[in-house]
Amino acid sequence: MREALAAAREAALAGEVPVGAVVVRDDVLVSRSGNRMVRDRDSTAHAEMVALREAARVVGDARLAECTLYVTLEPCAMCAGAMVLSRVGRVAFGAWDSKAGMAGSVADLLRHPRLNHRPEVAAGVLAEECGEVLKAFFAERRGA
């Protein structure tokens, strides 16, 4: 999660909402990204999506069953859906997202009983630190 936090901080420096994600397989970092929506002019360029795409390329398979995705913010519906479709084995997230979170806040897409894959989920990993990065970013944007 510390590596995901570093990616989130880098995203903030680039003017992006500071969310970071990494994919790890057998204790080896496979991919790492921060949000890239502004830089790429792509609404799907969330940190998790970019990290999943790169991990699939590096691993050589769209299925990432042996991987863990660490992300600093609870995944949205798009990202949670991509995690299910890529068969990620485990998802660990930091801060909860009461407005769009799909790992328990708004709904729980990652563990929905009707889906054919449900990754293991670890919630609230370094939640306070992950939340502080977001709070500081938005406070600065509002001029507080």
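Predicted model: local features only at pLDDT ≥ 70, side-chain atom pairs only at ≥ 80, totals over all residues.
In soluble globular proteins, nonpolar side chains tend to be buried together. Here, the largest nonpolar core brings together 37 residues, and Val23, Leu52, Leu69, Met83 and Leu110 have the most contacts inside it. Two or more residues of this core come from each of α1 (2–13), β1 (20–25), α3 (47–59), β3, α4 (77–85), β4 (90–95) and α5 (127–142). Leu52 gives an idea of how these pieces meet: beyond its neighbours within four places in sequence, Leu52 is in contact with Val23, Leu64, Leu69, Ala82, Met83, Ser86 and Val88.

Next come the two helices α3 and α4. Two packed helices are described by the angle between their axes and the distance between the axes. For α3 and α4, the angle is about 20° and the axes lie 9 Å apart. Angles under 35 degrees count as roughly parallel, so α3 runs roughly parallel to α4. The crossing of α3 past α4 is left-handed. On the α3 side, the residues involved are Glu48, Met49 and Leu52, and they meet Met78, Cys79, Ala82 and Met83 of α4. Sorted by kind, the residues of this contact are 6 nonpolar, 1 charged and no polar.

After α4 comes Arg87, with a positive phi near 60°.

That leaves strand β3 and its threonines. Thr68 sits in this strand, which covers residues 67–73. With a relative accessibility of 14%, Thr68 counts as buried, because the cut-off for buried is under 20%. Glu120 is 52 residues away from Thr68 in sequence, yet their C-alpha atoms are 9.1 Å apart in space.

Thr72 also belongs to β3. Its relative accessible area is 1%, so Thr72 is buried too. Setting aside residues up to four places away in sequence, Thr72 touches Met1, Ala4, Leu5, Ala8, Pro18, Val19, Gly20, Gly94, Ala95 and Cys130.

Definitions and conventions: Residues numbered from 1 in each chain as written. Heavy atoms only, no water. Helix = DSSP H or I, 4+ residues; strand = E, 2+ residues; numbered from the N terminus. Buried < 20%, exposed > 50% of the residue type's maximum accessible area, 1.4 Å probe, protein only. Core = buried A, V, L, I, M, F, W, Y, C linked by side-chain atoms within 4.5 Å. Contact = heavy atoms within 4.5 Å. Axes fitted to C-alpha atoms, helices over the stretch in contact; angles between N-to-C directions. Parallel < 35°, antiparallel > 145°, perpendicular 65-115°, else oblique. Left-handed = near helix turned anticlockwise from the far one by under 90°. Nonpolar A, V, L, I, M, F, W, Y, C, P; charged D, E, K, R; others polar.
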